[in-house]
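Subject: Structure handover and notes

Dear colleague,

I am passing on the structure below, together with some notes on what was found in it. Please read the notes beside the model itself.

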Amino acid sequence: MPILDHLSEEITDVVEFHSFHNAWATQIAYDLNEILPKNFRAKPHAQLGNWEVDVRTDQTFTASEKAKLISQYQPPCPSETVCVKLSAELEVFIVNVGRRTQQVVGVIEIVSRANKDRADNRTAFVAKCHSLLAQGISLAMIDILEIPVFNLHHQLLAALEIRENVDTSPAKETPLYCSAYRVLPNLDEDVTVEFWEHLLSIGDELPELPLFITSEIAVPIRLERSYMEVCRRLRISET
């Protein structure tokens, strides 16, 4: 099913985006739990310190049991690989991400209107994403809302000083996109950030994104599959 216009009256009369957003996060977590290796678990609408995230993937472990990792999934080549400095100061935004029996390894964010309708909200969202990467947590970002016309992926790249000359003004932005990121530590103070980006439009199909659960092993986030299932369950496909 192609991406629908979730701000149109035709769709909002059936289900508001807030409800769709919650259902989609839950379905993504369900789908991940079908393919994650033993001792990994995806949770929808989870807390991460003072923040709420749409889907959180944890590695659970005990002193006597370690995960046996098997994955047949081969992620595609990243859109770009760059060396960056990640500020440790941003880690104040996230606290207690790891506990004795579990460790957060991945986060998926579905962008809402509230994430990008005001400058302060955009700054806070990008700071949260920056902080997650600073702690080595794999990240995926999904935005299927054309309004407000801001691309938070581009703003994150600017915050990481990867693409400093990108014009992030609304007139120049591509508002629909999805992206994924992983961080690989280097021997010096820099880290390597790999990211996958897909610029989208209404009517496009959603791609798969890689979610890295270790520095080397990823599982696919099957966005089109979960999107179609939520549309079916909420009876949007009948409109």
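**Helix H6 and its surroundings**

The buried residues of H6 pack against H2, S6, strand S7 (176-185), strand S9 (208-212) and strand S10 (218-222), where packing rests on contact, meaning heavy atoms within 4.5 Å. Helices (H or I, at least four residues) and strands (E, at least two) are DSSP runs, numbered from the N terminus.

This is a predicted model, in which local features need pLDDT of at least 70 and side-chain atom pairs count only at pLDDT 80 or more, while totals for chains, interfaces and linings use all residues. Residues are numbered from 1 along each chain as its sequence is written, and side-chain values use heavy atoms, with hydrogens and water left out.

The residues of H6 that are buried are Leu-223, Glu-224, Ser-226, Tyr-227, Glu-229, Val-230 and Cys-231; here buried means under 20% relative accessible area, exposed means over 50%, and partly exposed covers what lies in between (1.4 Å probe, protein chains only). After H6 comes Arg-235, with a positive phi near 65 degrees, in a residue other than glycine. Arg-235 is also exposed, because its relative accessible area is 53%.

**Overall composition**

The chain holds six helices and ten strands, and 48% of its 239 residues count as buried. Among the contacts in the chain with a separation of 6 or more, 71% are accounted for by residues 24 or more positions apart.

**Two helix pairs**

Two packed helices are described by the angle between their axes and the distance between the axes. The axes used here are lines fitted to C-alpha atoms, for helices over the stretch in contact, and the angles run from 0 to 180 degrees between N-to-C directions.

For helix H2 (residues 17-35) and helix H6 (residues 223-233), the axes come within 9 Å and cross at roughly 130 degrees. That makes H2 oblique to H6, given that angles under 35 degrees count as roughly parallel, over 145 as roughly antiparallel, 65 to 115 as roughly perpendicular and the rest as oblique. H2 passes H6 in a right-handed crossing, a term that applies if the near helix is turned clockwise from the far one by less than a right angle, the crossing being left-handed if it is turned anticlockwise. On the H2 side the contact is made by Phe-20, Ala-23, Trp-24, Gln-27, Ile-28, Asp-31 and Glu-34, and on the H6 side by Leu-223, Arg-225, Ser-226, Tyr-227, Glu-229, Val-230, Cys-231 and Arg-233. By class, this contact of H2 with H6 has eight nonpolar, two polar and five charged residues (Ala, Val, Leu, Ile, Met, Phe, Trp, Tyr, Cys and Pro count as nonpolar, Asp, Glu, Lys and Arg as charged, and the others, Gly among them, as polar).

In the second pair, H4 and H5 pack at an angle of about 60 degrees with their axes 10 Å apart, and they are therefore oblique to each other. H4 passes H5 in a right-handed crossing. Arg-122, Phe-125, Val-126, Cys-129, His-130 and Leu-133 in H4 meet Leu-152, Gln-155, Leu-156 and Ala-159 in H5, and the residues of this contact divide into seven nonpolar, two polar and one charged.

The buried residues of H4 include Phe-125, Val-126, Cys-129 and Leu-133, and H4 is followed by Gly-136, whose phi is positive, near 75 degrees. In helix H5 one finds His-154, which counts as buried at 10% relative accessibility. His-154 and Val-126 are 28 residues apart in sequence and 9.7 Å apart in space, C-alpha to C-alpha.

**Backbone points to check**

Most residues other than glycine have a negative phi, and most peptide bonds are trans. His-45, although not a glycine, has a positive phi of about 50 degrees; His-45 lies in strand S1 (residues 40-48) and counts as partly exposed at 29% relative accessibility. A cis peptide bond, with omega about -5 degrees, joins Ile-147 and Pro-148, and Pro-148 has its place in the loop between strand S6 (138-143) and helix H5 (152-159).

Leu-7 sits in the segment before helix H1 (9-12) and is partly exposed, with a relative accessible area of 28%. Leaving aside neighbours within four places in sequence, Leu-7 is in contact with Thr-12, Arg-113, Leu-145, Glu-146 and Ile-147. Leu-7 and Leu-145 are 138 residues apart in sequence and 7.2 Å apart in space, C-alpha to C-alpha.
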